[in-house]
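Please read these points with the structure open beside you.

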Amino acid sequence: MKAIIAFSLALSIALLSVCLFLTNRSSAQSMHNLTKADIDRMMTELSNWGRWGKEDQLGAINLITPAKRKEALKLVKEGLSVSLAHETNTEKADDNDSPYEHTMTLTGENAIGTWSLDKFGVSFHGYQHTHLDALCHMFWQGKMYNGFPKSEVTRQGASKLAITNLKQGIFTRGILMDIPRLKGVPYLEPGTPIYPEDLEAWEKKAGLKLQPGDAVFIRTGRWARRAEKGPWNVSQLSAGLHASCAKWLKQRDVALLGSDVASDLFPSQVPGVTHPIHQLVLVAMGMNIFDNCDLEALSEAAAKRNRWEFLLTTAPIVLVGGTGSPLNPIALF
């Protein structure tokens, strides 16, 4: 009789485990199939509007407290610095339709005076140049983060949510989530979606958990693939975060998001919404985004140390009314 009871109990537990597995898998699959209506709903569910006051213009940067900065400073053990910026490219390519304009106005060949001078020009938004998006960079239903109307952005620039709000700089714990390394490949193929379960698997592999105020960088291996196979139109086809990752980022109270492309998966797999991650992160959560970081050197440095956290420091150009800024983020180990 005891054997029968034990067998029945074991069978019940096994059936319950199977049911839970199937339920979780079904739930995950449903989150992989999002619609525009789902994204609109998430704009409210994940919103940080009013969280730090109705006039707040910092958004998720508020999560980087003085205590957070002091804790991040303790991550520096060796003093090794690694740049997260890709070198400027002055040649047009499939992924660079707006190259940096670099003009030498005075050189050693001029043979006059004692100086060399030059000037730069760039339309930095896009898919080539490393930059940080300001919260005024995107509108949804005529509004920006915290409900500020899009009319605050005029030909004179943005009077609200401009990049100047970050002129004091960024100093916090950075985390690299190296998804190609997770999957045992040198890079993700264009169009590969990254799901919340991938991010959770990386946390487990790396032996860390994201904390409020962290800056998270998602490596797809874009630059490694480009070096091997050449440029391609990443705005039409690139690996990136599936829209379902937005909820995951909000649950962990991430302060900043970055990647080696533009964070979004292209195509997005959400009909009618081209940039769901940008929309949810910038507008709903008030989280600035680093685009087109070069994470190859960081990947190697982190793998060598088996250490995926570091001190992140960076600061934008203080351009009044700017919708973003080119910059050079630095990881310190």
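The numbered points below start with the sheet as a whole and then turn to single strands, helices and residues.

1. This is a predicted model. Its open sheet has 9 strands in the order 1-15-13-7-9-11-12-4-14, and the pairing is mixed. Strand 1 (81–83) and strand 14 (324–326) are at the edges; each has a single partner strand, so one side of each lacks a neighbour in the sheet. On average, neighbouring strands are turned by 25° against each other, with direction ignored.

2. Strands of a sheet pair through backbone hydrogen bonds, and the pairing can be parallel or antiparallel. Strand 7 (residues 170–178) and strand 9 (residues 215–219) run parallel and are joined by 5 bridges. In this pair, Met177 has Ile218 of strand 9 as its bridge partner.

3. Which strands does strand 12 pair with, and in which direction? Strand 4 (residues 131–133) runs antiparallel to strand 12, with 3 bridges between them. Strand 11 (residues 256–259) runs parallel to strand 12, also with 3 bridges. Ile289 of strand 12 is the bridge partner of Asp133, and Ile289 is the bridge partner of Leu257 as well.

4. Are the faces of strand 12 (residues 288–291) buried or exposed? In a regular strand the side chains alternate between the two faces of the sheet. On one side of strand 12 are Asn288 and Phe290, and on the other are Ile289 and Asp291; all four are buried, and both faces are covered.

5. Helix 8 (residues 276–284) forms a right-handed β-α-β unit together with strand 11 and strand 12. Helix 8 packs on the sheet and touches strand 4, strand 11 and strand 12; its direction is at about 140° to that of strand 12. The loop between strand 11 and helix 8 holds Pro267. Phe266 and Pro267 are joined by a cis peptide bond, with omega about -10°.

6. His278 deserves a separate look. It belongs to helix 8. His278 counts as buried because its relative accessibility is 5%, and the cut-off for buried is under 20%. The His278 side chain makes a polar contact of 3.2 Å with the side chain of Asp133. Beyond its neighbours within four places in sequence, His278 also has contacts that include Met138, Ala262, Ile289 and Asp291.

7. Helix 9 (296–305) lies across strand 1, strand 7, strand 9, strand 13 and strand 15 (330–332). Helix 9 runs at about 80° to strand 7.

8. Asn292 is in the loop between strand 12 and helix 9, and Asn306 is in the loop between helix 9 and strand 13 (309–314). Neither is a glycine, yet phi is positive in Asn292, at about 60°, and in Asn306, near 50°.

9. Which of these asparagines is buried and which is exposed? Asn292 counts as buried because its relative accessibility is 0%. Asn306 has a relative accessible area of 57%, so it is exposed; the cut-off for exposed is over 50%.

Terms used:
Residues are numbered from 1 along each chain as its sequence is written. This is a predicted model: local features need pLDDT of at least 70, side-chain atom pairs count only at pLDDT 80 or more; totals for chains, interfaces and linings use all residues. Side-chain values use heavy atoms; hydrogens and water are left out. Buried means under 20% relative accessible area, exposed over 50%, partly exposed in between (1.4 Å probe, protein chains only). Helices (H or I, at least four residues) and strands (E, at least two) are DSSP runs, numbered from the N terminus. Two strands pair if DSSP finds at least two bridges between them. A crossover is right-handed if, with the strands pointing away from the viewer, the path from the first strand over the helix to the second runs clockwise. A polar contact is a pair of N or O atoms within 3.5 Å; within protein, one must be able to donate a hydrogen and the other to accept it, and residues adjacent in sequence count only if both atoms are side-chain atoms. Contact means heavy atoms within 4.5 Å. Axes are lines fitted to C-alpha atoms, for helices over the stretch in contact, and angles run from 0 to 180 degrees between N-to-C directions.
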